[in-house]
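Hi everyone, thanks for coming. Have a look at the structure on the screen, and I'll walk you through a few places in it.

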Amino acid sequence: MDEIRTKILEFVEREYKLPDGIDLDTYDFVENGYVDSMGLVQFVAILEDDFDIEFTKDELLSDEFKTVGGLEKIIREKIQNK
Amino acid sequence: MRSVLADLFYRNAESFPDKEAIWCDGKTVTYKEMAALVSRYSNLLISLGVKYCDHIAIPMNNSIESVALFFAAADLGVCVVPLNPSLPFEAIKSAMDAGDIKHVIARRAFFAECEKNGGLYIDGFSICLDQEYPGTVSFDTINSMSSERPEISYDVDGSESLILTMTSGSTGTPKPIDISQQNKYDRSVAHVRVYNITKDDRILAATPLYHSLAERLVILPLIIGATSVLLPRFTPAIWLKCVEEQKPTFTIAVSAQLAQILETLKKPDAPKITSFRCIVSSSALLESAVKYELIDLLQCEFHEMYGASEVSTVTDICFQTAKNKQNSVGLPFDEAQIRILRDESESDFDTDCAVGEVGEIAVKSKLQCKGYYRQETMMQAAMFEGYFRTGDLGYLDEDGYLYFAGRKKEIIITGAINVYPHDIDVVIGRIPEIEECAAFSYPDDRLGEVVALAVVAKEDEEINIRSLKTYCARNLADFQQPHKIFVLDKLPKNTMGKLQRMAILDYIRESGIEES
């Protein structure tokens with residue numbers, strides 16, 4: 001599996017494994033309680049450090065940020081545009 | 001003699017085999033099935049060599065298997081040490097040491113993380129809950145175990161530690177709150193009496209199982225033959241969906257959750273919730289406006305309780321019946337007595353406050369824990385003439401009602417989690433560029449409070465905020481993460497040079513310092 005997706009899943013599934021058969025592009029891991037507001041602060045800092053990027057406020061508030069597929073896309077684009 | 005908690009559970013399994021014992025995350029298990037799971041778990045532990053009074057650590061999530069472990073542990077007279085899975089490795093290690101851990105049950109990711117950091121020295125067995133991991137036994141082995149309750153050759157008399165709940169203290173060393181089987185039983189009996197809980201109740205637990213509140217809310221129903229509804233994870237939407245479908249009748253919720261639930265309940269498309277007969281708010285004082293709106297929307301008995309993990313619930317109030325005591329947290333449970341202690345420095349011998357005078361709330365209770373495991377001196381330090389000093393401030397009125405008036409202890413309560421700022425100071429203080437730092441409480445609409453951090457740079461040094469955030473992310477647990485960081489030129493201190501943590505927020509506001 002791609003490194004970006006692996007890193008995202010590692011954090012999202014830290015306490016609970018995501019359900020089988022879900023669509024990772026649309027399943028909202030925040031709305032479904034896999035990462036809460038306290039975890040998000042930590043998650044953002046770890047991703048920014050691991051991939052040497054910085055998220056904008058808009059990105060953090062976007063729906064894309066809350067799905068594995070969407071977040072992966074944001075990170076990939078940011079790495080490409082560096 | 002066998003465990004009373006386990007005996008009561010197995011008796012219920014015999015009396016109501018097909019009754020729903022527990023629901024969690026879309027899965028329902030009957031009493032008969034739960035008894036088989038508990039027995040299999042016990043037989044698995046025995047087959048791996050668990051001994052009477054051994055301690056088993058588990059980074060615990062909310063699952064039916066976690067609840068089964070509590071009852072297997074009770075039946076065998078062993079102790080479960082639930083850990084917050086988000087703890088960084090260093091904190092896991094000190095919790096393991098403080099909890100005298102012999103065995104570990106965890107997910108694969110936990111073992112991998114430990115190995116990456118140099119490993120944990122475990123004397124006993126390790127069970128991997130998901131997949132396989134070198135050096136561990138797969139949890140799937142449980143399926144080959146007998147579903148019969150095992151025979152044991154020793155007595156389990158109730159004095160055995162059942163759960164060590166990890167908290168941290170002013171030294172940064174974890175303080176394991178030692179709850180015996182008898183404690184758990186007595187606490188359950190007291191709550192059953194006060195809230196008129198019966199076997200017909202469906203009892204919702206919506207906080208993590210590594211907190212004493214959820215532990216109480218899953219053990220209690222299974223020993224009285226009621227049904228446990230265990231929320232896997234909390235968001236207001238998941239809570240509402242669960243309540244709509246599972247129709248719980250009783251819950252003890254934390255106030256930060258209730259405030260979020262109210263927001264969701266007020267939305268136009270929100271479902272109407274009618275199943276509750278009684279809801280109790282706990283953990284921190286609920287705002288009056290939130291309280292009255294919830295009473296109006298939920299149409300059930302609405303209580304608030306006051307307590308601490310060391311002494312369980314101390315007081316309770318029902319707002320519909322105690323109409324002229326709306327700002328109180330209620331009268332003491334029959335098991336508890338309260339004293340309000342005046343600051344020692346102001347009094348030579350009469351340390352009790354007068355009616356209406358604010359002092360520290362101290363509690364003597366039959367529900368008090370065994371102590372802090374292997375830290376007797378810390379427990380002694382918290383006691384005064386047989387009363388446990390809660391670190392909270394309050395007063396009693398002429399009718400004996402308790403009123404909460406703030407906290408003496410420097411503690412941050414975010415969500416329902418107690419965060420000890422000193423633990424954060426110690427970790428952040430290791431950064432070479434930092435002269436001094438202090439974590440403090442910052443008000444937050446959603447969580448009640450969040451962790452904020454004030455830092456002072458060493459002379460000629462600059463603090464890189466991004467590096468600081470990364471350092472926090474990697475070295476602190478999720479609940480310890482600073483949500484706001486302020487760079488100051490000094491921290492507020494008194495004339496003796498002692499940090500005035502409670503004054504930091506005012507200092508920042510008065511000085512007009514912006515968040516970094």
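Predicted model: local features only at pLDDT ≥ 70, side-chain atom pairs only at ≥ 80, totals over all residues.

Residues are numbered from 1 along each chain as its sequence is written, and chains are lettered from A and ligands numbered from 1 in the order in which they are written.

Let's start inside. The largest nonpolar core has 159 residues. By nonpolar core I mean a set of buried Ala, Val, Leu, Ile, Met, Phe, Trp, Tyr and Cys residues joined through C-beta atoms within 7 Å. Buried means 20 or more other C-beta atoms within 10 Å of a residue's own, exposed means 12 or fewer, and partly exposed is in between, with C-beta atoms placed from the backbone. B:Ala68, B:Ala73, B:Val80 and B:Leu83 have the most contacts inside this core. Its largest share, 10 residues, comes from helix α3 (residues 64–76) of chain B. Helices (H or I, at least four residues) and strands (E, at least two) are DSSP runs, numbered from the N terminus. There is also a second, separate core of 12 residues, with A:Phe11 and A:Tyr34 among them.

Now, where do the chains meet? The contact takes 23 residues from chain B and 16 residues from chain A; two residues are in contact if their C-beta atoms, placed from the backbone, lie within 7 Å. On the side of chain B that touches chain A, α13(B) gives the most, with four residues.

Next, a helix to find on your screens. Helix α9 (residues 255–265) of chain B is largely enclosed by the rest of the structure, because eight of its 11 residues are buried. B:Leu258 and B:Ile261 are among the buried ones. What covers them includes α8, β12 (250–254) and α10 (288–298) of chain B.

Finally, two loop residues. A:Asp52 sits between α2 (37–51) and α3 (57–61) of chain A, and has a positive phi of about 50° although it is not a glycine. Is A:Asp52 buried or exposed? It counts as exposed, because it has 9 C-beta neighbours inside 10 Å. In chain B, B:Gln131 lies in the loop between β6 (126–128) and β7 (137–138), with a positive phi near 55°. B:Gln131 is partly exposed, with 13 other C-beta atoms within 10 Å.
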